[in-house]
Amino acid sequence: MKRLIVLLNALFIVFTAVMCFIYKNNYQLWLKALTASGFVAIGVVNLIHALLLKKTKGFPFLALLGLALCMAGDII
């Protein structure tokens with residue numbers, strides 16, 4: 001399970017980095033939204049990981065909420 005979480009995090013990090021490069025060369029709102037969704041996806045993966053380990057839910061949930069609000073603010 002730990003390897004899957006690490007793999008998903010790595011894939012979303014690479015996705016976000018590639019999308020930043022693409023967005024830098026083509027400023028369109030939908031690309032900005034897609035780029036920002038990458039770091040929210042990382043937050044979702046880590047929240048699921050915390051829930052599966054039955055660790056405290058408070059911080060991972062607040063971190064995901066913060067990432068989602070940052071994404072919304074970035075797009076708007």
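# Threonine 35 and its surroundings

User: Let's start with threonine 35. Setting aside neighbours within four places in sequence, which residues is threonine 35 in contact with?

Analyst: Threonine 35 is in contact with Thr16, Met19, Cys20 and Tyr23, once those neighbours are left out. Keep in mind that this is a predicted model.

User: Where does threonine 35 lie?

Analyst: Threonine 35 is in helix α2.

User: Is threonine 35 buried or exposed?

Analyst: Threonine 35 is buried, because its relative accessibility is 9% and the buried class covers values under 20%.

User: What lies 3.3 Å from a polar atom of the threonine 35 side chain?

Analyst: That is the backbone oxygen of methionine 19. Met19 is also among the contacts of threonine 35.

User: Let's zoom out. How many helices and strands does the chain have?

Analyst: The chain has three helices and zero strands. Along the sequence, the pattern reads α-α-α.

User: What box do the C-alpha atoms fill?

Analyst: Roughly 40 × 25 × 10 Å, taken along the principal axes.

User: And what share of the residues counts as buried?

Analyst: The chain has 76 residues, and 24% of them count as buried. The accessible surface comes to about 5,500 Å². Carbon and sulfur atoms hold 77% of that surface.

User: What about contacts in the chain with a separation of 6 or more? What share comes from residues 24 or more positions apart?

Analyst: Those residues account for 58% of such contacts.

User: Back to helix α2. Is alanine 36 buried or exposed?

Analyst: Alanine 36 lies in helix α2. It counts as buried because its relative accessible area is 1%, and buried means under 20%.

User: What does alanine 36 touch, neighbours within four places aside?

Analyst: Alanine 36 is in contact with Met71 and Asp74.

User: How far apart are alanine 36 and asparagine 26?

Analyst: They are 15 Å apart in space, C-alpha to C-alpha. In sequence, the separation is ten residues.

User: New topic: aromatics. How many aromatic pairs does the structure hold?

Analyst: The structure holds one aromatic pair. Tyrosine 23 and tyrosine 27 form it, with 5.3 Å from centre to centre.

User: Is that pair stacked or edge-to-face?

Analyst: The pair is edge-to-face, because the planes are 85 degrees apart and planes over 60 degrees apart get that label.

User: Is tyrosine 27 buried or exposed?

Analyst: Tyrosine 27 is exposed, because its relative accessibility is 63% and exposed means over 50%. Its partner in the pair, tyrosine 23, is one of the contacts of threonine 35.

User: One more leucine. Where is leucine 8 found?

Analyst: Leucine 8 is in helix α1. Leucine 8 is partly exposed, at 27% relative accessibility.

User: And how far is leucine 8 from leucine 31?

Analyst: The two are 21 Å apart in space, C-alpha to C-alpha. In sequence, 23 residues separate them.

How values were computed. Residues numbered from 1 in each chain as written. Predicted model: local features only at pLDDT ≥ 70, side-chain atom pairs only at ≥ 80, totals over all residues. Heavy atoms only, no water. Phe/Tyr/Trp six-rings, centres within 6.5 Å; stacked < 30°, edge-to-face > 60°. Buried < 20%, exposed > 50% of the residue type's maximum accessible area, 1.4 Å probe, protein only. Helix = DSSP H or I, 4+ residues; strand = E, 2+ residues; numbered from the N terminus. Polar contact = N/O pair within 3.5 Å; in protein donor to acceptor, adjacent residues only side chain to side chain. Contact = heavy atoms within 4.5 Å. Areas by Shrake-Rupley, 256 points an atom, 1.4 Å probe, with all protein chains shown as cover.
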